[in-house]
Amino acid sequence: MDDQKRLHIISTALEVFYKYGYKRVSMNDISQAAGISRAGLYLFFKSKEEIFNSAILFNGDNLIEEIQKGLPQSGTPKEKIFYAFEVWAINIFDQALYSAEIREITDSSYEFAREALDLSYQKFELILAALIQEHFERHEKREGLDPHQLAYLLTSALRGFKIVAKNSSELQQLIEQLVEVILAP
């Protein structure tokens with residue numbers, strides 16, 4: 001029961017953060033949205049930052065789950081990598097560009113939930129590394145960096161691409177070009 005209640009609070013808090021941003025949300029807002037008392041909320045979480053960290057992990061885990069469900073239908077390892085990036089970053093990118101609240105969540109996640117964000121990216125990197133390894137097994141494996149290092153390069157570049165890309169089409173193009181370079185024999 002406590003796990004269900006905790007999960008309910010986290011998912012509700014994520015919705016509240018998306019609606020109002022990080023800074024404008026209080027523990028009272030989260031407790032009201034979750035339908036529990038503020039004192040009850042403090043039984044599960046000590047602070048807004050703790051809830052935010054949990055919400056970032058929850059969101060990342062949901063994206064990972066969506067990626068894993070869609071991978072079997074995606075074809076080649078390269079197509080699977082592109083699919084993974086679509087789910088992870090491209091599909092929501094335009095919305096994030098034009099939503100001050102989502103931009104604030106992104107900025108706040110680096111400030112208040114860095115460990116949670118990094119952990120979510122590490123989970124994404126594991127998927128990418130497996131897909132890169134699968135590609136290398138089907139094609140001539142090149143010498144040099146291993147799939148885990150290449151996955152880390154991809155996610156690190158993604159973080160920079162999100163800063164410079166003007167829209168989701170440009171973000172997708174940047175990712176596709178980098179993936180082509182990484183997977184080239």
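User: How many helices and how many strands does the protein chain have?
Analyst: This is a predicted model, in which local features need pLDDT of at least 70 and side-chain atom pairs count only at pLDDT 80 or more, while totals for chains, interfaces and linings use all residues. Residues are numbered from 1 along each chain as its sequence is written, and side-chain values use heavy atoms, with hydrogens and water left out. With helices taken as DSSP runs of H or I of at least four residues, and strands as E runs of at least two, both numbered from the N terminus, the protein chain has 9 helices and 0 strands.

User: What share of the residues in the protein chain is buried?
Analyst: Buried means under 20% relative accessible area, computed with a 1.4 Å probe and protein chains only. Of the 185 residues in the protein chain, the buried ones make up 42%.

User: Which residues have the most contacts inside the largest nonpolar core?
Analyst: A nonpolar core is a set of buried Ala, Val, Leu, Ile, Met, Phe, Trp, Tyr and Cys residues joined through side-chain atoms within 4.5 Å. The largest one has 55 residues, and those with the most contacts inside it are F17, F85, W88 and L171. Among the elements that each supply at least two residues of this core are helix 1 (2-20), helix 5 (77-98) and helix 9 (168-183).

User: Which residues does F17 touch, not counting residues up to four places away in sequence?
Analyst: A contact means heavy atoms within 4.5 Å. On that basis, and leaving out residues up to four places away in sequence, F17 touches Y22, V25, I30, K48, I51, F52, A55, E101 and I105.

User: What percentage of contacts between residues at least 6 apart in sequence join residues at least 24 apart?
Analyst: Among contacts in the protein chain that link residues at least 6 apart in sequence, the share joining residues at least 24 apart is 70%.

Technical notes
Buried < 20%, exposed > 50% of the residue type's maximum accessible area, 1.4 Å probe, protein only.
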